Amino acid sequence: MVNYHERLGRTFSALVDPTRRAILARLEREESASVSALAQPFVIKLPAVMKHLDVLDDAGLITRTKVGRTVTVQLRPEPIREAMDWLRRYERFWSMSLDRLAAYAEGKEAEVRKKRR
Amino acid sequence: MTSLTLVRRIKARPSIVFDALTTPEGIVCWWGPDGGPVLVAETDPQVGGRIRVRFRMLDGSEHEGSGEYLEVVKPERLSMSWHWTGGVEDPGESLVEIRLRAIVEGTELTFTHSRLRDEETRRSHEQGWNGALNKLERHFLQANEAAGQT
């Protein structure tokens, strides 16, 4: 099993490249696209696009399905969520902690009031 | 992200909230992002005193941080330096500031964590990951909602 930090590393490495980000952004808009359609807007050649797709596939960011001679590419957003969670980890940590702090303090307040009655 | 601010309205008086923030008995009850246990909670809430907290998350991973109290004004203000230690990454020393304000229903708590010198986050802004990630996450959330509706 690839560990959490390796997965994050792959996600971020995949996202470093502007061509790969453009591919993902397009898949976000269009749900799915064939490899040749994806390659069209780029000046780079098809084999270079294929290499980018390999990187995205290794990072788990896309899935490729072959039907006949056409390879269809789809976005797989789970690693994105993991990466977002990582970027927001402090916020999530404190937010959850403060919710629990509030519940704890409110319990204490209720105890104090009960004793005074 | 170089700082984050969170606000909570709590139905408890400021002195109770302050104690919950500064005593080990309080900290073990709320510290941590999930229901995992707090393993170590040491505090010395006076200027120059130390705080150290270690907790285990439900996934089994353990995390620790420590800092120094910079300002302790019960039951209104608390600030401390904070440093996550022992992790894969070292985000450096940051600043935690907490303000408690008495309101009709109890306390308004304003929590600020700043000076987050987070290398990855900074790079993510520079290299445009954040925009891409936000966009893709929206897609992910929409996909989830759509799946939930069927």
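A salt bridge is a side-chain nitrogen of Lys or Arg within 4 Å of a carboxyl oxygen of Asp or Glu. By this criterion, a search of the whole structure, which is a predicted model, finds 21 salt bridges over all chains. Side chains of opposite charge can pair when their charged atoms come close.

In chain A, one such pair is formed by Arg76(A) and Glu78(A), whose closest N and O atoms are 4.0 Å apart. Arg76(A) has a relative accessibility of 33% and counts as partly exposed, and Glu78(A), at 39%, also counts as partly exposed. A further salt bridge links Arg113(A) to Glu109(A), with the closest N and O atoms 2.8 Å apart. These two residues are four places apart in helix α6 (residues 89-116) of chain A, and therefore about one helical turn separates Arg113(A) from Glu109(A). Glu109(A) has a relative accessible area of 4% and is therefore buried, since buried means under 20% relative accessible area.

In chain B, Arg99(B) and Glu97(B) form a salt bridge in which the closest N and O atoms are 3.8 Å apart. Arg99(B) is partly exposed, with a relative accessible area of 24%, and Glu97(B) is likewise partly exposed, at 26% relative accessibility. Elsewhere in the chain, Glu42(B), Arg52(B), Arg54(B), Arg56(B), Glu62(B) and Glu64(B) are joined into one network by salt bridges that share partners.

The secondary structure of each chain was examined next. Chain A contains six helices and three strands, which follow one another from the N terminus in the order α-α-β-α-α-β-β-α-α. Of its 117 residues, 41% count as buried, and the accessible surface of chain A comes to about 6800 Å², of which 52% belongs to carbon and sulfur atoms. When contacts in chain A between residues at least 6 apart in sequence are considered, 51% of them join residues at least 24 apart. Chain B, by contrast, has four helices and seven strands, arranged along the sequence in the pattern β-α-α-β-β-β-β-β-β-α-α. Buried residues make up 44% of the 150 residues in chain B, and the chain exposes about 7600 Å², with carbon and sulfur atoms supplying 50% of that area. Among contacts in chain B between residues at least 6 apart in sequence, 37% join residues at least 24 apart.

The seven strands of an open sheet in chain B are ordered β1-β7-β6-β5-β4-β3-β2, with antiparallel pairing. The edges of this sheet are formed by β1 (3-10) and β2 (38-43) of chain B, each of which pairs on one side only. On average, and with direction ignored, neighbouring strands of the sheet are turned by 20° against each other. Within the sheet, strand β4 (residues 62-73) of chain B is joined by seven bridges to strand β5 (residues 77-85) of chain B, and the two strands run antiparallel; Glu71(B), for example, has Ser79(B) in β5(B) as its bridge partner. Helix α6(A) packs on the sheet, where it touches β1, β3 (50-56), β5, β6 (93-103) and β7 (106-114) of chain B, and its direction makes about 20° with that of β1(B). Helix α1 (residues 14-22) of chain B also lies across strands of chain B, namely β1, β2, β4, β5, β6 and β7, and runs at about 160° to β6(B).

With neighbours within four places in sequence left aside, Thr11(A) is in contact with Ala59(A), Leu61(A), Pro79(A) and Ala83(A).

Conventions
Residues are numbered from 1 along each chain as its sequence is written. Chains are lettered from A and ligands numbered from 1 in the order in which they are written. This is a predicted model: local features need pLDDT of at least 70, side-chain atom pairs count only at pLDDT 80 or more; totals for chains, interfaces and linings use all residues. Side-chain values use heavy atoms; hydrogens and water are left out. Buried means under 20% relative accessible area, exposed over 50%, partly exposed in between (1.4 Å probe, protein chains only). Contact means heavy atoms within 4.5 Å. Accessible areas come from the Shrake-Rupley method with a 1.4 Å probe; for residues, only the protein chains shown count as cover. Two strands pair if DSSP finds at least two bridges between them. Axes are lines fitted to C-alpha atoms, for helices over the stretch in contact, and angles run from 0 to 180 degrees between N-to-C directions.
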